[in-house]
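Open the model in your viewer and keep the selection panel at hand. The stops below follow one another, each with something to select.

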Amino acid sequence: MKAIAAALDLSVAEAVSHMIREKIAAGVIPDAIPGILIHRTDNGVHIQIDDDKPATVAVSTARQIAEALRSVANGGGGVVELSPFDASKSFSVVRQGTGIKLQVPFHGPTAHHWNDAPSFSADLARDLAGLIERAAE
């Protein structure tokens, strides 16, 4: 794996992601992230990560989440979108250490507590952004 990574001028983790993306493009494996369910509903975009309670966000919010995930994955600052009167428009995407944390919704009865919010590598955050963006089309 180290030799492949070196030949591609990538880290080992990036090389694994590269190979997975090649297999997705070739149709060998589905374009999905295990444990994450994302789909369009009449009310917006449904996002469920692992066994957590699902969140349905407005389509415009889903697009903002995708943009924020990509921005933070590419080294940009975190994004916290508060919508005190509509939890479907609230979210948080911030870097913590080498991971990227996503809280959706950011507040309300189904909100993640900070310590429980899922964390993603930069490559996985970019993949998640793509899935969310496609569901928001």
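Helices and strands here are DSSP runs numbered from the N terminus, with at least four residues (H or I) for a helix and at least two (E) for a strand. This is a predicted model, numbered from 1 along each chain as its sequence is written, in which local features need pLDDT of at least 70, side-chain atom pairs count only at pLDDT 80 or more, and totals for chains, interfaces and linings use all residues. Side-chain values use heavy atoms, leaving out hydrogens and water.

Now extend the selection back over H2. The expected span is 1.5 Å times one less than the number of residues.

Go to Asp 9, in the loop between helix H1 (2-8) and H2. Its phi is near 60°, a positive value in a residue other than glycine. Asp 9 is exposed, with a relative accessible area of 69%. Exposed means over 50% relative accessible area, buried under 20% and partly exposed in between, with a 1.4 Å probe and protein chains only.

**The sheet**

Select E1, E2 and E3. They form an open sheet of 3 strands in that order, with antiparallel pairing. Strands E1 (36-41) and E3 (55-57) are the edges; each has a single partner strand, so one side of each lacks a neighbour in the sheet. Neighbouring strands are turned by 20° against each other on average, direction ignored. Those angles come from axes fitted to C-alpha atoms, for helices over the stretch in contact, and run from 0 to 180 degrees between N-to-C directions.

Zoom in on E1 and E2 (residues 44-49). They pair over 6 bridges in the antiparallel sense; two strands pair if DSSP finds at least two bridges between them. Ile 38 has Ile 47 in E2 as its bridge partner, and Ile 36 has Ile 49. The hairpin of E1 and E2 has 2 residues between the strands.

Is E2 enclosed or open? 6 of its 6 residues are buried, so E2 is largely enclosed by the rest of the structure.

Move across to E3. It runs antiparallel to E2, joined by 3 bridges. His 46 stands opposite Thr 56 in E3. The hairpin of E2 and E3 has 5 residues between the strands, and Asp 50 there takes a positive phi near 55°.

**H3 and beyond**

Select H3, residues 59-73. Its 15 residues reach 21 Å from first C-alpha to last, close to the expected 21 Å. Buried residues in H3 include Val 59, Ile 65, Leu 69 and Val 72. Just after H3, Gly 75 has a positive phi of about 100°.

Jump to Ala 136, in the segment after H4. At 1% relative accessibility, Ala 136 is buried. Ala 58 lies 78 residues away in sequence and 8.8 Å away in space, C-alpha to C-alpha.

**The largest pocket**

Last, select Ile 20, Arg 21, Ile 24, Asp 31 and Asp 127. Among the 14 residues lining the largest pocket, these lie nearest its centre. Its space is about 230 Å³. H2 (12-25) and H4 (122-135) each supply at least two lining residues. H4 gives the most, with 6 residues.A pocket is an open set of points on a 1 Å grid over the protein atoms alone, where a 1.4 Å probe fits, with protein on both sides within 12 Å along at least five of seven lines; lining residues have an atom within 4 Å of a point. Its volume is the space filled by probe spheres set on the points, which are joined across faces, edges and corners.
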